[in-house]
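Please inspect the sequence and the structure before reading each solution.

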Amino acid sequence: MLRLESISKIYRTDEIETLALNEVSLEIAPGEFVAIMGPSGCGKSTLLNVLGLLDSPSSGAYHFFGEEVSAYSERQLTRLRRDRIGFVFQSFNLIDDLSVAENVEVALLYRRVPAGERRRRALDALESVDMAHRARHRPKQLSGGQQQRVAVARALVSDPSLILADEPTGNLDTANGEAVMTMLANAAAAGVTVVMVTHSGAHAARAQRTVRLLDGRVVSETQMAA
Amino acid sequence: MLRNYLAAALRNLDRNGFYGAISIAGLALGLTAAILTYLYVGSELAYDRFVEDSAHAFVVTSELRSPGQAQVVSDYAPAWIARQIPSAISQASATARLAYDQVSLRRGSVAAPEELAWVDPTFFSIVRLPAIAGDPSVALADPAGVVITRSLARKYFGVDAPIGETIELDGRQILRVGAVLADLPSETHLTQQIFASGRASFSRLTRIDSAPSADAGYATWLVTSQPEQPVKARFETVRLRTYIRLRNPDQAPAAAMALNRLIADGAIGRGLPPGSSVRLNLVPLTSLHLENFRGANLGAGDVRASRGGLIGLVATASLVLGLAVVNLVNLTTAQAAERAVEVGVRKVAGARRRDLFIQFVGEASLQVITATALAIALVELSLPALNAFLGKSMSFPYWSNPTAGLALAACVVVLSLAAGGYPGVVLSAFRPAQALKGGAVVPAGPSGVRFALVVGQFTVLIGLVVAVSVVWMQTGYATGQGLRMDTEQVLVVQATPCRSAFEAEVRRLPGVRAAACSSRNLLGLDDFDPVKNVMDANVAGGPTAHADMGLVDQDWFSLYGITPLAGRLFSRDRGKDELPVQNYPELQRGSVVINLAAARALGFSTPAAALGRQVQVGPGYGEFEIVGVTPDTTLDLKSARVKATFFLVDFANYPADQVLSIKLDGDQIPETLRTIDQLWRNSGQAGEIRRQFLDDYVQRLYVATIRQGVLVSVLCGLALLLACMGLLGLASFTAQRRTKEIGVRRALGASRQAILQMLIWQFTKPVLLACLISWPIAALVMRSWLDGFAYRIELSPLIFLAAGLAALFVACATVLTHALRVVSRRPVEALRHE
C-alpha cells in the first residue's frame, strides 16, 4: 500500500523556485497497475522519483507499505529501495562495462546474495524476458528493445514489491514496446505493484488506473475496464 | 561482489585506455624517480654502517673561529690530542690516529702512486673492518706491517691473500703484508686501500711524535730547515684524524667537554692566531660523512653530499611523485561524470556510499599496483646506470629486506587511498535522481579542485625549472669565470723544493707555454688549512689583519692571468722582490703583493691607498712594502668569503709543500706529458710523479654539486613530462565533454580559431596563475642558496620569465595538438554527439 498525503516538491536554485509537485495526494493498492500521464513538465518523473524513494518530498507525508518515509535519511531510503523496489528507465541505464548477466546481478549485489545464487537468479530472470541467450554480451551489442528487456529483468530479479517504470517504451518501436508492456502486466498480475509513467494512451490502457497530472497537480483519475 | 567490481574496473580501464595509460605511466615514472632518490639518500645516510660495532666509534672534529675568516669545521684534530685522551676521557677504551700520505708502491714490475694511511696499531680495534685473511688488529704491531684490501692485493700480488709478502714503499722502505681486508664498499669515509703501521720509523706518525714542539700549539709545528728559528711560516702543519672507542656511546658529549677543558686550561693557545678559538667535538663514525666539513678533508676525491642537498633532493622527488598522484586524481574525477549513470544504477539497486567508496578506491589501487610493478621493473633497469654515475653500488632489495618490502606495501596503500579517496568520496555522493537524468552531471566543486591541482602542478614545475637553471648557471660560472684564474690546460705537479733542475728543464720544453712555482695552499689542493700559514699583519695605525701567507715566483701571476687592481706584480728586474735567507732574529724586508680582501682587512678603503705602505707581519717575521693589490682569487667558491692573502717570493726560507704549475700548449699535450714524466724519473726524485690537471681538480670540488644538479635536472624533466601528461589527459577530457557546446558554437558561426582560443585560454589560466605563485618562492629559495657562494651569478628576472614562458609554451602545445583535432570535426557531428 502506497499513500501520498499532500506531497509537494520544490526545486530551488539561487534565483528560481520551481514547484514540481503541488499538494499531491494519491493512494495505490498493493498489486495495482497504475499509469501516470500528462504533458511535459507536469511533474510525472518527479512523482515517480518520490514514489521510488529516489527523492524526498519538500512537504507532506508518504506512507510506503506502512512506513512513513518522508523524513527518512538517505541510508534508510537506500535500504528500502534495495529490499522492495525495482526500476525501469526510459534510457535503459545499463552499465556499459558489465555483461548482460552481470547487469542483472547488480540488483542482487548489495543484498549479500551469494554469487552462485545470484547468477542462477539472474539467468532465470533473463529467461523470463527471453534474453538468456545473450547473457554474455555487452549492452552496446544489443538493440534498444533488447536492452530494455534486460532492464526489466534487472527490475524483476530482486522480487520487488514495487516496480517503477519511467516511460519504459519511449525509446522503443511498437513491437518491442508491446513486449515490455506485456512483461509489466504479467508482473502486476503476479502481485507486484507497478507504477508507470507514459505518453502513450494505448500503453496506459493496459493499466488498471490512469492518473493525469497537470502543473504538479492531479487533475483526474480514470479506472480502466478490468 | 569482488568479481563484479573487478570486472567493471578492468573493463573501464580498457575502454578508457588512453587516460588509464597516462595515469599509470605517469605514476610509474614518479614512483621510479622517488624510489631511486630514496635509495640514493638512504645510501648517503648509511655511510660506515658496515663497520662492526660502529656505534662505539667516534672521531674528534674541530671548529675553528678566526676573526675575518669564515668558521671552519674540519674532521681533523691537533696531533697531540690523542696522547691526552687516556687521561682526559675515562670512557675511552682505545684511541688511534690516522694520517694520510701520497706514496709510490712497487712490487716487481707493478708500480703506482697510492694514497696510504699511517695508523696507530689500535686503529682496527676501533674501526673494525671485515678481513679475509690475517688479523688487522695485530698486523700493525709489526712496524713494517701493512694491511691492504683485496683489490690492492690482486693488483700488486695477483692473489687474494699474500700474507707475509713484501712491497716497496717510495723506493726505499720494505713493508710486509700482515692482513687483507675485504674490499670496502663505496659508502665509507675511508678512501685509502692500504694501512701502514704508525710504529714504523719512517711513518708520518713517528715524525710527528718526535718533533720537538709536538706538544705545543693548536697545529703541531715541525721544524724543518733551521731548528733554532721556529718561525711560523716555515712549519708544516700536521693533520690527523683521531678515532676514539667509547665504552658507552652516550658519554660522547661528556667526553667532548673533557677535551675542551684541556683547551680552556691553556694547553694550547700559542699556535692560534690571536682572537681565534677552537672547539672540539666527538662525532659518531656513521655521521662523519654528512658533516659539513670544509677545508682539509683527509683523502682526495672525497665528495660528500650535504644534508641540505639531500633534503632538497628528497623534497623534489616527493613533489614529483605528488605530481603523478595529482594526475591520477584529476583524471579520475574528470571521468566521474561518465560513471554517473553507473553510480545511479548501483545506488538505485541499494548500494550504500561505503560500497561505492570501496569500489572506486579499489579501482585506483588497481592502477597503483600496476604502476608499482612497472616502477619496480624500471628501478631495476636503471640502477646500474645510476650506480655508475654516482660511483656507488646500491640495490633495491624489496624481496629480501622486510623493511623495504613493507615500505613498498605501505606506499601502495597510501597512494591508493590518496588517488581513490577523493574520487571515491565525490562519486559516492551523487544523488541517484540527478545521476540518472542522463547526460553529464558534474557535481559542484571538483572542477575548482582540478583547477587548483593543475595550478599546483605547474607551480612546482616552474619552480623546478628556475632552480635547475640557476644551479647549472652557477656551477658553470663557478668552475669557469668565477675562478678569476685562468686554469685551462694547467698541469700542477707536486714538487718540493719547486726550484730545481726538473723545473728548469720543464720550462724549456716546447709544449710548455709557462711555468711557475708556488706554495700548495694558494691552489687549494687538499690544503685548505686555516691556520697553517696565517700570520698577523698590520699597517701602522691600522687594524690587525689575519692573513694567509702564500709563496709565489715572479711568473705565477701571469701564468694564471691575474692582473693587479693597483700597483704592480713581482718581477725579476726588481731585486727586492725576492727575499734572501733570513738572518734571524733580524726581520725580513722586501716587497709584498696583497689581495683585495687583505687590503680591506688592513683598513684601506681603496686598493690604491695601500700602495707604498709598510706592513708588519709577524710576530717576528718581517716588514714589507706593499707594491701591488690583486683581485680576490680563490678555488674554493663554496666558502662565502675569500681569505686575506699576502704573496711573497721567499723560496730561500720556505720549507715544504710546493707545487709547479705548468701551462701546456693545447696542441701537444700527450707528448708533453710523457716528456714531463720522463724528466721527473730522470731527476732522481723519489717515487712517481704526482700531477693532475687543475681543471679536473676544480671539477672534482664540485662533483657533489654537479651530481645533485644532474639529479635535480632529471627530476625536473620528469616533472615536465608528468605535467604534460596530466594536462593532455585533462584537455582531451574537457574537450570531449564540451563537444556539444563546441558544435553549437560552430553552428552559430564561431570560427575554428575562436574555438581554439577558447580551449587554449582555459588551460593558460592555471599556468599564468602558477607563474605568479612560483616566481617569488623560487626567487627567495635560490637567492638564499646563492648567498653561500663568494662569487655568484646575478638572479636575472629573465630566468623567471624564461621558465614561465617555457611552461606556457608546453601547456599550449599540449592542449593545441588535441584542440586542433576537436575543432576540425564538422559541427553536425558534434551536435549529434550525446
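Helices (H or I, at least four residues) and strands (E, at least two) are DSSP runs, numbered from the N terminus. The model is predicted: local features need pLDDT of at least 70, side-chain atom pairs count only at pLDDT 80 or more, and totals for chains, interfaces and linings use all residues. Residues are numbered from 1 along each chain as its sequence is written, chains are lettered from A in the order in which they are written, and side-chain values use heavy atoms, without hydrogens and water.

**Exercise 1.** Determine where L780(B) lies and whether it is buried or exposed.

Solution. Step 1: L780(B) belongs to helix 23 of chain B. Step 2: its relative accessible area is 64%, so L780(B) is exposed (over 50%; buried is under 20%, partly exposed in between; 1.4 Å probe, protein chains only).

**Exercise 2.** Locate N93(A) and list its contacts (heavy atoms within 4.5 Å).

Solution. Step 1: N93(A) sits in the loop between strand 6 (85-88) and helix 3 (100-109) of chain A. Step 2: N93(A) counts as buried because its relative accessibility is 6%. Step 3: leaving aside residues up to four places away in sequence, N93(A) touches R154(A), V341(B), V345(B) and L436(B).

**Exercise 3.** Describe the six-stranded open sheet of chain A.

Solution. Step 1: the strand order is 6-7-8-3-9-10, with mixed pairing (two strands pair if DSSP finds at least two bridges between them). Step 2: strand 6 and strand 10 (217-223) are the edges, each pairing on one side only. Step 3: from one strand to the next, the twist averages 20 degrees (axes are lines fitted to C-alpha atoms; angles run from 0 to 180 degrees between N-to-C directions). Step 4: strand 7 (residues 162-166) and strand 8 (residues 193-197) of chain A are parallel, with five bridges. Step 5: D166(A) has V197(A) in strand 8 as its bridge partner.
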